[in-house]
Amino acid sequence: MDARGGGRRAGRRRRRRGARSLPPSLPRVLVDYERIKDVGPDRAASEWLLRCGATVRYHGQERWQKDYNHLPTGPLDKYKIQAIDATDSCIMRIGFDHLEGLQHVEKIRLCKCHYIEDDCLERLGKLENLQKSILEMEIISCGNITDRGIIALYHLRNLKYLLLSDLPGVREKENLIRTFKTALPSLELKLDLK
C-alpha cells in the first residue's frame, strides 16, 4: 500500500476520474447572465452554440448561421432562433441555461454530441418556453443518453416528430413507445435502436 492509503488500484481510479475532465481545447461554456441581459437570449444562445460548433437558423431565413464572426447585427429582438443543429458540437449541460429565454425554437438536432447526457435532456424538458415551441427533435449517436433522458422529453407538449437513432444506452424501447403514446398521442416517433 502506498502512503496515500489506496495502493495501485486507488491510484488508477484517481487517474481514470481525472481523465474524464474536459480537454483544455474546448471553448468556455460558462453562462454569462449579464451577457444574456445585455444582448437578449437569442443572441447570447447563438454565440454559445456557435462557439461550441453548433449552427442556428433564424426565423424567416433559409441559411444556417455557422460562423461566430458573421452573426447578424441589428436590433437585438430581430433575430429569433428557429432551429438548432448541434451535430458534432461540444454543447453540454453547463451551457443549457443559454436556452432558457428562447421562445421560437421549433427544431433541435443532437447528433454525435459526446457531452450530451440525460441531465441535458431533463433540463431541456423543464424549460417552459421550449415545452411550448419545440415541434421536432432528432437525437442520433449520443452515447451517454439513456432511457431516463429520453423519457424527460414527454414534457415537450407540442412535439410532433421525434427521431431516436443509434443510442446504445436506450434499452427499454417498448416502455418509451408506451410513455410517448400516452403523453403525446399525436407524436410521430421514429426509432432506429438496437
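## Confidence

Across the protein the mean pLDDT is 87, with 85% of residues at 70 or more.

The model is predicted, so local features need pLDDT of at least 70 and side-chain atom pairs pLDDT 80 or more, while totals for chains, interfaces and linings use all residues. Residues are numbered from 1 along each chain as its sequence is written, and side-chain values use heavy atoms, without hydrogens or water.

Strands are DSSP runs of E, at least two residues long, numbered from the N terminus; two of them pair if DSSP finds at least two bridges between them. Strand S4 (residues 136–140) is joined by 5 bridges to S3 (residues 107–111), in parallel. Another pairing, also parallel and with 5 bridges, links S4 to S5.

Met137 in S4 stands opposite Ile108, and Glu136 has Tyr161 in S5 as its bridge partner. Because 4 of its 5 residues are buried, S4 is largely enclosed by the rest of the structure. Buried means under 20% relative accessible area (1.4 Å probe, protein chains only).

## Ser165

Ser165 belongs to S5 (residues 161–165) and counts as buried because its relative accessibility is 12%. Leaving aside residues up to four places away in sequence, Ser165 touches Ile139, Ile140, Ser141, Asp192 and Leu193.

With Asp192, the Ser165 side chain makes a side-chain polar contact at 3.4 Å. Such a contact is a pair of N or O atoms within 3.5 Å; within protein, one must be able to donate a hydrogen and the other to accept it, and residues adjacent in sequence count only if both atoms are side-chain atoms.

Note on methods
Buried < 20%, exposed > 50% of the residue type's maximum accessible area, 1.4 Å probe, protein only. Contact = heavy atoms within 4.5 Å. pLDDT = per-residue confidence, 0-100.
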